[in-house]
Amino acid sequence: MALLIQYTLISSAVLILVALGGMFSERSGIINLGLEGIMVFGAMAGAMTMVILPSGTSRFVLIIATLCAAAIAGMLSSLLIAVACINFKADQTLIGTALNMLATAAATVIVKGFNTARSNGSDFSAKLDYFTQFQAFQIHTKYIDFNWFEVVALILLVVATVFFYKTKLALRLRACGEHPQAADSVGINVYAMRYTGVLISGFLGGLGGIIYIAAANSTWHFDQGVAGAGFLALAVMIFGQWKPERIAWSAVLFAVFRSLSNVYIGIDFLHSLPIPGTVYNMFPYIVSLVVLAFTSQNSRAPKAEGIPYDKGMR
Amino acid sequence: MREKVSFFKRPAVQTILASVLCAVIGILLGYVILLIMNAEHAGEGIAAILINFFKFNNNSKVLMKYFGSFLVKSVPTILCGEAILFAYKAGLFNIGCAGQYTVGIIASIYCSVGLGWNWFLCVIAAMVAGGIWGLIPGILKAYRNVNEVIAGIMLNWIALYVCNIVLGTELCMDTTKSETHDIAKVNPAGILPPFMKDFFGGNDYITIAVPITVIIAILILVVLNKTTFGYELKATGHNKDAAKYAGMNAKRNIVLTLVISGAIAGLAAALLYLTGIEHYKISGSVPGTGFDGIAVAFLGGLHPIGTIFAGMLVKYITLGGSYLNTNYYNPQVADLVIAIIIYLCGFVLFFKTFINKRGKSKVKVNANAEPSQKTAEEKEV
């Protein structure tokens with residue numbers, strides 16, 4: 001049971017951050033289907049930072065450097081979406097999908113190149129090991145193990161919620177997702193707001209990526225991407241009706257189902273059921289489909305999401 | 001009466017130009033990536049990708065054989081492109097194509113290897129499976145307002161896990177090699193009939209799959225342009241509410257479109273795996289062919305015939321990756337080039353306005369109205 005809680009906390013941290021990222025982007029009017037790709041870029045940058053840092057680095061520096069690298073990589077990759085969708089009015093679904101494919105391919109190529117260079121040509125794998133660094137993130141207590149990522153996620157959740165409801169900037173950002181023409185008419189720079197939204201989603205998505213790979217694993221194969229976690233986060237966001245507090249608890253709900261596939265062997269009554277292990281892998285996806293089927297009907301999606309803003313069309 | 005338009009102003013020409021531009025820039029960026037990875041051998045690397053199997057040009061028989069295999073491998077990519085294009089015309093982004101392709105693999109291999117069915121029945125089974133996998137997001141979209149992209153992606157993963165369970169059994173899988181049995185050995189009746197085998201240097205894998213692909217493309221062209229259903233579909237894609245107001249059954253059209261799109265994706269899988277050229281291996285990620293289809297559809301200018309050529313180009317580059325010298329580069333560079341090309345496809349609208357601006361006319365000052373009109377015109381093609 002302790003293990004289930006442990007995994008649930010990790011998954012919730014990832015899903016909360018990435019879903020919040022998606023929320024900020026969509027609230028500003030840009031559908032961010034590239035969250036998965038942003039996560040991969042964030043994860044790659046974070047993992048590479050962990051590997052590069054010398055072994056004597058203090059815990060604090062290690063954590064800050066890794067998180068910063070992931071967040072910056074996430075923001076840079078989100079610029080690919082921002083430029084294409086805001087300035088060039090590209091199809092947002094297409095660009096998001098392209099970013100996802102780009103991320104996995106680029107991460108594989110970069111990590112392979114990185115490994116080859118590091119090992120003088122003896123290691124061609126797309127795999128990074130960071131066992132000692134992984135230890136540094138853990139907080140051991142008597143009953144269950146926490147890690148610093150969960151603390152960061154919790155802080156960011158609080159910050160994001162306050163920001164979302166209590167600041168002028170966020171109010172303007174939300175206006176651009178509902179009715180950009182009206183926002184523009186009162187002097188709000190729609191392009192700037194949408195850039196802000198997408199960049200915040202890159203920041204949070206990149207952090208989500210590094211947490212996804214580093215919170216429970218000490219090694220990662222970059223040719224497999226992040227296995228649909230970004231899309232699960234989108235499902236969480238829809239289930240959370242684009243509101244931070246609802247996203248938080250729906251992320252926990254999804255995280256429980258996701259964790260079952262990691263720990264079902266440890267839970268006696270689940271293990272004794274005649275179900276192959278792969279079925280548990282399918283669980284989060286099936287659950288999210290069912291949940292979406294029942295919650296999408298009265299969806300409160302931002303009105304103007306997915307529509308490129310054209311100043312001339314009022 | 002049609003006004004005479006200059007060559008570069010014709011929508012078809014512009015579409016082709018924009019697509020070619022995407023491909024060229026994509027390949028150039030690929031070259032830059034090769035330069036960054038290893039400057040010394042970059043020229044060699046990009047040449048290996050571009051020359052591809054034509055390096056066998058001293059022996060026409062071998063060359064034709066490789067050309068045949070290339071065609072066989074292009075078939076699923078092209079058909080996935082057609083599937084995505086068909087749905088996109090109705091305003092649906094069928095990213096679930098990858099999952100529909102995967103269930104197509106399940107059905108075709110299970111029926112052929114596991115049940116020993118005739119090839120025709122296997123193809124039908126794959127189409128039905130793909131259709132069902134398209135029906136789910138269709139119903140969810142039409143009646144429960146679920147975004148078809150999210151639903152499609154969830155179904156992709158479910159399909160992958162189902163595939164690993166079903167094909168991972170002793171019945172279908174040669175557990176020593178951990179790939180599915182050779183259909184030609186287990187069930188010769190399950191292999192598609194050969195097609196112009198001698199012309200392609202005695203290639204064993206060249207089957208009726210190739211002509212079927214062309215027929216499907218033409219069929220889609222006809223359905224989209226010459227039938228009421230195709231018209232309704234495009235109308236729904238342009239403006240759902242207007243279509244509904246005009247008395248079209250938007251819900252039925254959404255479901256039907258995704259079912260047909262799924263069936264094409266299922267067919268794509270059957271037409272590859274029933275040739276015996278590839279065996280399914282247990283995999284941790286969804287087969288990429290369905291995603292390549294997105295590139296193909298957009299690169300082909302969302303035209304069924306253009307999609308054929310785009311599909312061949314994408315497959316050509318992917319295959320080219322395997323000709324790279326692995327001492328310096330890894331084959332994933334080719335995937336990266338494909339991904340860059342898809343990303344660039346998003347800029348097609350911008351390319352078109354750019355080409356338009358290059359033209360002499362000063363009439364086009366009204367830049368805001370022009371692009372939308374152009375796209376509307378273009379989608380009619």
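Predicted model: local features only at pLDDT ≥ 70, side-chain atom pairs only at ≥ 80, totals over all residues.
Local features need pLDDT of at least 70 and side-chain atom pairs pLDDT 80 or more, while totals for chains, interfaces and linings use all residues. Residues are numbered from 1 along each chain, chains are lettered from A, and side-chain values use heavy atoms, without hydrogens or water.

**View 1. Phe164(A) meets Tyr165(A) edge-to-face.** Ring centres within 6.5 Å make a pair, with planes under 30 degrees apart called stacked, over 60 edge-to-face and the rest tilted. Here the centres are 5.1 Å apart and the planes at 85°. Phe164(A) is buried, with a relative accessible area of 1%, while Tyr165(A) is partly exposed at 36%. Buried means under 20%, exposed over 50% and partly exposed in between (1.4 Å probe, protein chains only).

**View 2. Phe93(B) and Phe298(B) form a tilted pair.** Their ring centres lie 6.3 Å apart, with planes at 35°. Both Phe93(B) and Phe298(B) are buried.

**View 3. Arg174(A) lies over the face of Phe164(A).** The distance to the ring centre is 4.8 Å. A charge counts as over a ring if NZ of Lys or CZ of Arg is within 6 Å of the ring centre and within 35 degrees of the ring normal.

**View 4. Phe24(A) joins a cluster of rings.** Ring pairs link Phe24(A) with Phe163(A), Phe164(A) and Tyr165(A). Leaving aside neighbours within four places in sequence, Phe24(A) also has contacts (heavy atoms within 4.5 Å) that include Ala160(A), Leu173(A) and Ile200(A).

Notes: Phe/Tyr/Trp six-rings, centres within 6.5 Å; stacked < 30°, edge-to-face > 60°.
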